[in-house]
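Here is a short report on a predicted model. Please look over the sequence and the structure before reading on.

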Amino acid sequence: MRAGFPDFRLGNVLATSFTGTLSERHGGAVERIPTPQRLIDWLTVNGLAVDSCTAAQLNLARELRESIHAAATAAAVQDALPASAVQVINDCSAQGRAAAILTPEGKRRWRLSSASCVEDALSVIAADAISIIAGERDGKLALCASPTCQAAFFDTSQSRTRKWCDMNTCGNRQKKARFNANQGKNPRSAK
């Protein structure tokens, strides 16, 4: 991690992990890709390494992120998908020229058309969003139960009843708040 920037909140699903680059949307919002370099860092951590990123490409990435969040949120609550969000996701998906590559270890990797093509990386993220919003993958879109977060996440738990986008942040924060509230109700007797 680069000094001075918040850690990335990485998940198992590329598209919802990408929407997590803006967290605490309903509280004190935390922007995790405030600069083009931070977008490069995030893409690299997620197997979509690029050499450079312009301010315009960062703005496009943020527009895609917000469109995925809007569409995933609508899908999670079974509302109509916002037409403008669908358009941005589709446009980003169509703009890229990334190819899925099978490694000798049997893993999928992405090959971008050039090392500096942010649009290729964004097309991979958009295609991932399409697959989860369209219901093509085994899991369910849900919203984080934290009132300050409410991030869309892809629940692949067996029961599909996960409450938190990330147990290590939102879940622990809520459990700690509940514990502290209960301690106030049941103070220990002084000895």
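## Asp-120 and its surroundings

Leaving aside neighbours within four places in sequence, which residues is Asp-120 in contact with? The answer is Gly-96, Arg-97, Ala-98, Leu-112, Ser-113 and Ser-114. Asp-120 itself sits in helix α5, which covers residues 118-133.

Is Asp-120 buried or exposed? Its relative accessibility is 0%, so Asp-120 counts as buried. The cut-off for buried is under 20%. One of its contact residues, Arg-97, also comes up in a polar pairing: its backbone nitrogen lies 2.7 Å from a polar side-chain atom of Asp-120. Val-50 is 70 residues from Asp-120 in sequence, and the two C-alpha atoms are 9.3 Å apart.

Strand β3 spans residues 99-102, and strand β4 spans residues 108-111. The two run antiparallel and are joined by four bridges.

Together β3 and β4 form a hairpin. Five residues lie between the strands. In the turn, Gly-106 has a positive phi of about 85°.

## Salt bridges

Side chains of opposite charge can pair when their charged atoms come close. How many salt bridges does the model have? The count comes to seven.

Arg-62 and Glu-31 form one of them, at 3.8 Å from N to O. Arg-62 lies in helix α3 (residues 55-76) and Glu-31 in strand β2 (residues 30-31), so this pair ties together parts that are 31 residues apart in sequence. Arg-62 has 23% relative accessibility and therefore counts as partly exposed. Glu-31 is also at 23% and counts as partly exposed.

## A network and a further pair

Arg-65 and Glu-66 meet in a salt bridge at 2.8 Å, N to O. Arg-65 is buried, with a relative accessible area of 3%. Glu-66 is partly exposed, with a relative accessible area of 30%. Which residues does the salt-bridge network link? They are Arg-25, Glu-31, Arg-62, Arg-65 and Glu-66.

Asp-128 and Arg-137 form another salt bridge, with N and O 2.4 Å apart. Asp-128 has 12% relative accessibility and so counts as buried. Arg-137, at 30%, counts as partly exposed.

Technical notes
Residues are numbered from 1 along each chain as its sequence is written. This is a predicted model: local features need pLDDT of at least 70, side-chain atom pairs count only at pLDDT 80 or more; totals for chains, interfaces and linings use all residues. Side-chain values use heavy atoms; hydrogens and water are left out. Two strands pair if DSSP finds at least two bridges between them. Buried means under 20% relative accessible area, exposed over 50%, partly exposed in between (1.4 Å probe, protein chains only). Contact means heavy atoms within 4.5 Å. A polar contact is a pair of N or O atoms within 3.5 Å; within protein, one must be able to donate a hydrogen and the other to accept it, and residues adjacent in sequence count only if both atoms are side-chain atoms. A salt bridge is a side-chain nitrogen of Lys or Arg within 4 Å of a carboxyl oxygen of Asp or Glu.
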